[in-house]
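Open the structure in your viewer and get ready to click along.

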Amino acid sequence: MPGFAYAAIALVGAVAALNLVLTLALARRLREVGTGHAHDGEAVPEVLPDPGLEVTGLPHADLSTGRRTVVMLTPTCPPCRDLLDALTADAERYRHDTLVFMIGTPAETAAMAPRLTGFDTATISEQLAEKKFHVKGFPAVLSVVDGVIVGSSHQLPVPA
């Protein structure tokens, strides 16, 4: 019987050690994600612009004065479709100050355009969105005041 007790104690100790190793690995991974670094130590690329970026000289819209919400959607991403649903479901709330950039060619965004009747819209390329707005991930919702980005998110703003 003592041999059985020693084996049970050894098994419990091994399980506890494995649990400790896995917990430490999880803590390390959470720290990496929280600090914006990938597993290999490289920085995780930002997909939304930092506040303070000036966005002027656009042929599609004048953002240089006033407050505007700029929404960028692609026709192929599911989160963009969800955001489009939310935007059109509460169109009266968002229509007055929202500019929607449909990312892609006019043919690619043709199905999206009819749903945005009443909104200021334009179709732009992904390259232009990245060049002018520093947006590399969609959907993107930017708050622009007097031509300067003051906030960015993947969600619509909560009305005051």
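Strands here are DSSP runs of E with at least two residues, numbered from the N terminus, and helices are runs of H or I with at least four. With that in hand, select Arg67: this residue belongs to strand β1. Keep in mind throughout that you are looking at a predicted model.

**Stop 1: Arg67.** Colour this residue by accessibility. Its relative accessibility is 53%, and the cut-off for exposed is over 50%, so Arg67 counts as exposed. Now show what surrounds Arg67: apart from neighbours within four places in sequence, its contacts are Asp97, Val144 and Val145.

**Stop 2: the whole chain.** Zoom out and switch to cartoon. You will find 4 helices and 5 strands, in the order α-β-α-α-β-β-α-β-β from the N terminus. Of the 160 residues in the protein, 32% are buried. Among contacts with a separation of 6 or more, 65% join residues 24 or more positions apart.

**Stop 3: the nonpolar core.** Hide the surface and look inside. Which residues touch the most other members of the largest nonpolar core? They are Met72, Phe101 and Phe133, out of 37 residues in that core. Elements giving two or more residues to this core include β1 (67-73), α2 (78-89), β3 (120-124) and β4 (140-145). The largest share, 5 residues, is from β2.

**Stop 4: Phe101 and Phe133.** Select both rings. The model has 1 aromatic pair, and this is the one: Phe101 and Phe133 are tilted, with 55 degrees between their planes and 5.6 Å from centre to centre. Phe101 sits in strand β2 (residues 98-103) and Phe133 in helix α4 (residues 126-133), so the pair ties together parts 32 residues apart in sequence.

**Stop 5: Arg95 and Phe119.** For a last selection, show these two side chains. Arg95 lies over the face of Phe119, 5.4 Å from the ring centre.

Technical notes:
Residues numbered from 1 in each chain as written. Predicted model: local features only at pLDDT ≥ 70, side-chain atom pairs only at ≥ 80, totals over all residues. Heavy atoms only, no water. Phe/Tyr/Trp six-rings, centres within 6.5 Å; stacked < 30°, edge-to-face > 60°. Lys NZ or Arg CZ within 6 Å of the ring centre and 35° of its normal. Core = buried A, V, L, I, M, F, W, Y, C linked by side-chain atoms within 4.5 Å. Buried < 20%, exposed > 50% of the residue type's maximum accessible area, 1.4 Å probe, protein only. Contact = heavy atoms within 4.5 Å.
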